[in-house]
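Subject: Structure handover

Hello,

Here is the structure you are taking over. My notes on it follow below.

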Amino acid sequence: MPLRDMVRIPSPAPGTSDIYNYVVSVLELTLQVTEPEYGRLTVYSNPQTTPQQRQFMNLANGNTDIAWSITSAERESQYLPVRVPFIGGLFGYRVLLIHVDDERFNYAPALAELKAMTAIQGANWPDTQILQFNEFNVIGSYGNGLKLLHRRMIDYYPRAVHEYSQELAENPQYKLKLAPHVGLKYPNPLFFFVNKNNLELAERLTKGLTMLHNNGQLNALLHSQPFYRVADTTLSGREIHVLRNPLLTKETLDALSRFQ
């Protein structure tokens, strides 16, 4: 198939199939509703699985047409963002993994109590900067956060609400559990990105996603996903501490207000 008739996207990383399949469904629907104006495009998944950093290198050098990730000012300066959030606020919700014997979480700790404890995140994760900006005591580690938590070298490990259960299932050797009463939330939208020179594709995706948002199809598709329903159940009844995200541009904050 000629390149002009397709858009190339990354392959799924291990353990991300549910989210990946949803994103592909959103993309295909977006291309479908804009087909009368822009013509037909087929989604083609690159055959080799690559880490996210490499996915964006492929976007820059033209080997990939569309990638997606949590946004930041830095990323938006390097690539062209499609500022329509298509997974709701899901990626902004964090639940806390704790040691099974930690009784401090038998109730919902106050925000000041959480800040006085020690959390862990990846050294290069945006989440580390977000938590530090909000005055949390957080270690940015290159090591295994689950193992450190198991050894009680830290107090809790914030994880995305849609990913914690798989991590617990895949690491039964660690004595960990989900803190039952508390969570965190900060704006953390997932966007499509294209090469800065691909203005027409960005315009098409923006138009299509806006149509799907306005007619309710995007929301209906998201709410039908098993991962979303599980996340919604997990968050029910929790005390959620709302934090600020200093990594977002004014344009993105404006977009979040428009697409609530």
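Helix H1 (residues 17–33) lies across strands E3 and E10, at about 60° to E10. Helices (H or I, at least four residues) and strands (E, at least two) are DSSP runs, numbered from the N terminus. Axes are lines fitted to C-alpha atoms, for helices over the stretch in contact, and angles run from 0 to 180 degrees between N-to-C directions.

The model is predicted: local features need pLDDT of at least 70, side-chain atom pairs count only at pLDDT 80 or more, and totals for chains, interfaces and linings use all residues. Residues are numbered from 1 along each chain as its sequence is written, and side-chain values use heavy atoms, with hydrogens and water left out.

The sheet is open and has three strands in the order E3-E10-E4, with antiparallel pairing (two strands pair if DSSP finds at least two bridges between them). Its edge strands, each pairing on one side only, are E3 (67–70) and E4 (80–82). On average, neighbouring strands are turned by 40° against each other, direction ignored.

E4 and E10 (residues 190–194) run antiparallel and are joined by three bridges. Leu-80 has Val-194 in E10 as its bridge partner. Helix H9 (residues 199–214) also packs on the sheet, where H9 touches E4 and E10 (contact means heavy atoms within 4.5 Å). The direction of H9 makes about 15° with that of E4.

H1 and H9 pack at about 100°, with their axes 8 Å apart. H1 is therefore roughly perpendicular to H9 (65 to 115 degrees). Among the contact residues are Leu-27 and Leu-31 of H1 and Leu-205 and Leu-209 of H9.

Regards

Methods:
Angles under 35 degrees count as roughly parallel, over 145 as roughly antiparallel, 65 to 115 as roughly perpendicular and the rest as oblique.
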